[in-house]
Amino acid sequence: MSAVSVDASAGAREPSAVGNASGRNAKMARTGWMVGAYAGCIAVSLSLCAILVSTTGGSAARVFSALVDGSLRSPGAWGLTITTATPLLVVAMGTIVAAKAGITNIGQEGQLLLGAAATAYVATRVDLPGPLLLTLSLLAACVVGGLWAALAAVMRFTRQVPEVISTLLLVYIASQITTFGLTKKWLLLARVNKTRTNNGEPLPASGHLPVIHLFGNTITWGVVIALAITVIVGFTLSRTTIGFRLRMLGLNARTARRAGVSVVAFGGAALVISGITAGLAGGLWLTGGIAGDRFTGAMSSNIGWQGLLVALLARERARLAIVMAFVFAALRTGSGFLAATGVDRRIADVVQAMLVLSLLVPPALEALRNHRRGTGVAA
Amino acid sequence: MTSASEGVAAWAAAPSDPVASQLHGRSSAPSVRLQRITKRYGQVVACDDVDLELHPGRIHGVLGENGAGKSTLMKILIGLIQPDEGTIDVHGSPVRITDPITASDLGIAMVHQHYSLVEQLTVWENVVLGEPTKLNRADACARVAALSERYGLDVDPLASVTRLTAGQRQRVEIIKCLRREPRIIVFDEPTSVLTPAESEQLFSVLRRVVVDEGRTVALVSHKLDEILHATDEVTIMRRGRVVDRLSTSTATASGLAQSMVGRPVSLRSEAAALGSIETITANVLSSAVDDAGNTAAVLTTTVPSRPVVLDVRNITVIAKDGHRLLDDLSITVHAGEIVGLAGVEGNGQRTLGDLLASLVHADSGTVIVDGAAVDIHRPGALSAAGVGIIPEDRHDSGCVLDLSVAENLVLADLAKVAKRGVLNRKALEVRAVELMQAFDIQARSPHAAMRSLSGGNQQRVVLARELSANPKILIAAQPTRGLDVGAIEYMSERLRQAAADGVGILLISTELEEVLTLADRVCVIHAGKIVGEMSRSDLDLERLGLLLGGMAA
């Protein structure tokens, strides 16, 4: 026995002080590495885009300048970008909650569309004074988005239907439902519809989000809601027992169960929460006014999918998601100006996609690096 | 001592074969000669300048602790790993073994510790798997049957592997290996999942292969008994180096143990680690005679008066295919008592461990902890009722590799470091530092990822967490599997200490030696049932062996 205690004291270290310092250094080194990786990948991507645009007869300089003009430089541009980033960020937050619990919700697009439809219904069909109408219409978006995800949760936890499949397929059903709603005047269709496509009833003035004017830019109050959600999600995940249990569940469901985490309660809640946020994002997108003043079948315009991408690119980190949401919004608003440069629209789409890809590469590189190191240690 | 040796003789095959000893005296040309083999992994030297000679007609034991380098050496021999330095001669000519196919062409084969059989296929299909020729069922079955008969390896060629016991699976592995008529065979820890009777049978097959057919066998093991009873000569490895080589006839258990560990060892406390039943039983018997100062003996007499802390009643768990994983199983543990649940792997131990961690749905039965019935299907209920668990596979249900050490130390105990649902990071860290010191956990910091710790330290984290929750009962399932001797000693001491403090301990282990060293009472599980029970004072190895094999005794 004595030999063991000798071994132990020889190897023992002061765990607190030394460990913290080295941990912080390692963290800084990792952050530095990631910043470098992003810079490198974006540089490579920009060069490839420049070559592509030049060889197809366009001017690379004008293309990049148009992207910056559209997203930041031209009057009112960054306000527009921030407002566009709002629903992306809200979708991403819910996605992060689900992902942390080990749940893969990829049906945000449908949850968002139904959320927007619910908002449109309440805003155009219910008669209430201003702020109350807006609040109720956004709440309706949350409820409907949450219920839509709850369908997948019920299938997942009673019949073991993988949520990856159910949430995805529910997107198409959601789309069919809203299309149907747009054919009935008692649901979503405008009472006076002059166009050949079926459009929704225009929202009343009180159904729009109030705006903030800032240096000639207009931002909706939705931004405040989105940031508040980000803070709450970030804090809950990292600092509370609920967040801890959720992470435990995502990382090792059996250990979590043994420690008293109910997979059904926590996993189901995480999936429903991601539906609620996606629904709310739909409500914010509609009432934010960028997509027009009324509900249409195509209004979700990939906000749900892109919000999912934002969560993936942010590697499930709340703070990083703010940056990623802004970058995605900038690509959306910026590409609106590309058409004016005379570059073929398809080339402009390739440019946009290449920039998105450049953001996808660094997390993949990091995962690869960790993997390599992991096996190195194991051997 | 003498009566104990008889028990062991029944357990392991008698080695003193006249032909073998004759061969032993003669210096035949080696069939394999490994010279100056070195293999490094980064800073770690797995094999350091190792020489090894294997001779035809002899069983050569390679003895060492976990991580001593014996598996690496054998993997080099069969081409799974390339050495950094050194040469290999086979039958006198230098060779480069770049992959297992080359090894196979040279007549070298290995029977792995973890079987590589395709469960869904039948025995004959597994045996011919990988043969380039056209499949012919009748022909293949006949060949399997011929091999079965020649070596006394009884197995039905048409049986599906799923239905076979561990011992039968090993027979299939051996047939698969012998079918190619290898001249040199490596057995890697072959008895880890076998009953004593099956081990005995294995050793008699080894004898036949070696003596009658002049093949070369290397037997890799960390069990002293196995080496002493089945080999002709032995090479002992420690920390990647050969520390001793000798003829088995001149070896003694304590001498081997000392070479293996590198210091004089008290076989009483390390017997579990070293796998020497002989020393354990010797101690048990002597302690039964004079019980002065022997905790185990004292406990046996005092335990019955203590309250029952764990009462598992008539639990039945039925798998999807209708197979009964646990079959009306009942077991009780008193406060301060160590109950050893012995059994061959795969007889329901894992299910019992999972059941007590709320991970399995029981079809019937109840679990009573400290007098109160517990809803076993509610997540965390057993943990809250005072059941601590060191699970069989800590990565599966004992820890979260991607969380920090500090976080892993509080998994089920969040209330201790949180106020109104908000975690107190300072408290988390303080608690972690305390436990790391108390349980001697070696980690860079409390914030280091669990993944970055060594197996022994991960196990200490699990132990620290479970014991710091003041459990009424601690389930320790294979608590020392994969750990080195130091870590095993530590774990054994902690379990004894916990029992002395009044915690009831259920030790689930497939290592009979471990059960015998630690337990006050031994229960035997077979096919999901408790088939027998004996207290430490009336330990009967022969009966125990029969029970393990599922025979009523």
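A residue is buried if 20 or more other C-beta atoms lie within 10 Å of its own, exposed if 12 or fewer, and partly exposed in between, with C-beta atoms placed from the backbone. By that count, 24 of the 24 residues of α4(A) are buried, so the helix is largely enclosed by the rest of the structure. This is a predicted model: local features need pLDDT of at least 70, side-chain atom pairs count only at pLDDT 80 or more, and totals for chains, interfaces and linings use all residues. Residues are numbered from 1 along each chain as its sequence is written, while chains are lettered from A and ligands numbered from 1 in the order in which they are written.

**The two chains**

- Chain A has 14 helices and 2 strands; chain B has 22 helices and 22 strands.
- Helices (H or I, at least four residues) and strands (E, at least two) are DSSP runs, numbered from the N terminus.
- In chain A, 45% of the 379 residues count as buried. In chain B, buried residues make up 52% of 553.
- The C-alpha trace of chain A spans about 90 × 55 × 40 Å along its principal axes.
- Two residues are in contact if their C-beta atoms, placed from the backbone, lie within 7 Å.
- Take the contacts in chain A with a separation of 6 or more: residues 24 or more positions apart account for 76% of them. The corresponding share in chain B is 69%.

**Domains**

- Domain bounds come from an automatic or database domain assignment.
- Chain A is divided into domain 1 (34–74 + 342–374) and domain 2 (80–336). Their centres, taken over C-alpha atoms, are 27 Å apart.
- Across this boundary, 12 residues of domain 1 of chain A are in contact with 10 residues of domain 2 of chain A.
- On the domain 1 side, α3 (60–73) and α14 (345–378) of chain A each supply at least two residues. The largest share, 7 residues, comes from α14(A).
- That side has 9 nonpolar, 3 polar and no charged residues. Here Ala, Val, Leu, Ile, Met, Phe, Trp, Tyr, Cys and Pro count as nonpolar, Asp, Glu, Lys and Arg as charged, and the others, Gly among them, as polar.
- Chain B is assigned domain 1 (2–107 + 182–265), domain 2 (113–181) and domain 3 (295–548). The centres of domain 1 and domain 3 of chain B, over C-alpha atoms, lie 34 Å apart.

- A nonpolar core is a set of buried Ala, Val, Leu, Ile, Met, Phe, Trp, Tyr and Cys residues joined through C-beta atoms within 7 Å.
- The largest core has 258 residues; A92(A), V310(A), A321(A), A325(A), I475(B), I505(B) and L507(B) touch the most other members.
- Helix α4 (residues 77–100) of chain A gives the largest share of this core, 15 residues.
- Leaving aside neighbours within four places in sequence, A92(A) is in contact with G307(A), V310(A), A311(A), A314(A), A321(A) and A325(A).
- The 24 residues of α4(A) reach 34 Å from first C-alpha to last, close to the 34 Å expected at 1.5 Å a residue. The expected span is 1.5 Å times one less than the number of residues.
- α4(A) has a kink of about 25° at T86(A), shortly before the proline P87(A). The bend at a residue is the angle between axes fitted to the seven residues ending there and the seven starting there.
- Just after α4(A), G102(A) takes a positive phi of about 80°.

- Helix α7 (residues 163–181) of chain A has 19 residues and should span 27 Å at 1.5 Å a residue; its end C-alpha atoms are 26 Å apart, which agrees.
- E163(A), S166(A), T167(A), L170(A), V171(A), A174(A), T178(A) and G181(A) are buried in α7(A).
- Those buried residues pack against α5 (108–125), α6 (130–159) and α11 (263–288) of chain A.
- Q160(A) sits in the loop between α6 and α7 of chain A. Q160(A) has a positive phi of about 55° although it is not a glycine.
- Q160(A) counts as exposed because it has 7 C-beta neighbours inside 10 Å.

**Two aspartates in chain B**

- D51(B) is in strand β2 (residues 44–54) of chain B. With 13 C-beta neighbours inside 10 Å, D51(B) counts as partly exposed.
- Beyond neighbours within four places in sequence, D51(B) is in contact with L34(B), Q35(B), R36(B) and V242(B).
- D51(B) and T235(B) are 184 residues apart in sequence and 9.6 Å apart in space, C-alpha to C-alpha.
- D440(B) lies in the loop between α18 (425–438) and α19 (455–468) of chain B. Its phi is near 55°, a positive value in a residue other than glycine.
- D440(B) counts as partly exposed, with 18 C-beta neighbours inside 10 Å.
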